[in-house]
Amino acid sequence: MEVDLPLLKSPKGLLKISEMVCVFVAFVCYAVASRSPYIAATCMEFLITLGFLLLYLLKLNKMFTLFVWPLIDVFNSFFAAALMCILSLVAVSTYTVKGTLSGGIVGFVAAALWSLDGYILFKKITFNKPRTSPEAQTGNN
């Protein structure tokens with residue numbers, strides 16, 4: 001199995017890692033505040049983002065070509081951003097413990113990172129362009 005270590009230093013990899021760090025910090029804040037629904041949602045998004053990072057890091061996306069992985073990643077990024085934004089709005093507006101408030105604020109940062117990730121990925125997807133074009137090969141869209 002081949003490992004793509006330069007991915008970790010690329011903008012795509014750094015964005016995934018920063019998403020995971022933010023959602024982990026939000027998870028810890030919610031865990032300190034003992035908010036079970038918030039803990040479950042942040043844990044789920046952490047694991048999904050970790051799964052996508054491992055998918056790209058281990059180049060499993062090239063083995064399993066049945067799915068259009070960038071498109072699935074775009075949908076996940078926008079869904080995660082919307083979920084985290086709603087979760088953070090509820091957490092910030094109804095907080096009773098400061099851990100919930102700080103988790104909500106960090107959740108907004110994570111939502112912004114997922115939105116940015118989804119936007120960048122969406123711009124790189126080639127819907128009506130031939131895959132053999134020089135732009136598609138170099139990624140300079």
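**Note on the predicted helical model**

1. Y119 lies in helix α5, where helices (H or I, at least four residues) and strands (E, at least two) are DSSP runs numbered from the N terminus. The model is predicted, so local features need pLDDT of at least 70 and side-chain atom pairs count only at pLDDT 80 or more, while totals for chains, interfaces and linings use all residues. Residues are numbered from 1 along each chain as its sequence is written, and side-chain values use heavy atoms, with hydrogens and water left out.

2. Y119 is partly exposed, at a relative accessible area of 47%; on this scale buried means under 20%, exposed means over 50%, and partly exposed is in between (1.4 Å probe, protein chains only). Together with F78, L116, I120 and F122, Y119 forms a nonpolar surface patch that has about 470 Å² of accessible area. Patches are made of residues with over 30% relative accessible area and no salt bridge, like charges being joined within 9 Å and nonpolar side chains (Val, Leu, Ile, Met, Phe, Trp, Tyr) within 5 Å. Areas come from the Shrake-Rupley method with a 1.4 Å probe, and for residues only the protein chains shown count as cover. Helix α5 gives the most to this patch, with four residues.

3. For the chain as a whole, there are six helices and zero strands, and the pattern along the sequence reads α-α-α-α-α-α. Buried residues make up 36% of the 141 residues, and the chain exposes about 8400 Å², of which carbon and sulfur atoms supply 73%. Among contacts (heavy atoms within 4.5 Å) with a separation of 6 or more, 70% are made by residues 24 or more positions apart.

4. The largest nonpolar core has 17 residues, of which C22, Y30, Y38, M84, L87, A110 and W114 touch the most other members. Helices α1 (11–32), α2 (36–57), α4 (69–93) and α5 (98–124) each give two or more residues to this core. Because domain 1 (8–59) and domain 2 (62–128) both contribute residues, the core lies between them; the domain bounds come from an automatic or database domain assignment. A nonpolar core is here a set of buried Ala, Val, Leu, Ile, Met, Phe, Trp, Tyr and Cys residues joined through side-chain atoms within 4.5 Å.

5. Leaving aside residues up to four places away in sequence, W114 touches E19, V23, E45, T49, S77, A80, A81 and M84.

6. The structure holds three salt bridges, a salt bridge being a side-chain nitrogen of Lys or Arg within 4 Å of a carboxyl oxygen of Asp or Glu. In one of them the side chains of K16 and D73 meet at 2.8 Å, N to O, and this pair links distant parts of the chain, with K16 in helix α1 and D73 in helix α4, 57 residues apart. K16 is buried at 2% relative accessible area, and D73 is buried at 0%.

7. K16 also meets the side chain of D117 in a salt bridge of 2.9 Å, N to O, a pair that again joins distant parts of the chain, since D117 is in helix α5 and K16 in helix α1, 101 residues apart. D117 counts as buried, at 2% relative accessibility.

8. The side chains of E2 and K59 meet in a salt bridge of 2.9 Å, N to O. This pair, too, links distant parts of the chain: E2 is in the segment before α1 and K59 in the loop between α2 and α3, 57 residues apart. K59 counts as partly exposed, at 23% relative accessibility.

9. Most residues other than glycine have a negative phi. K59, in the loop between α2 and α3 (60–63), has a positive phi near 55°, and S34, in the loop between α1 and α2, has a positive phi near 60°. S34 counts as exposed, at 57% relative accessibility, and its C-alpha atom is separated by 8.7 Å from that of T100, 66 residues apart along the chain.
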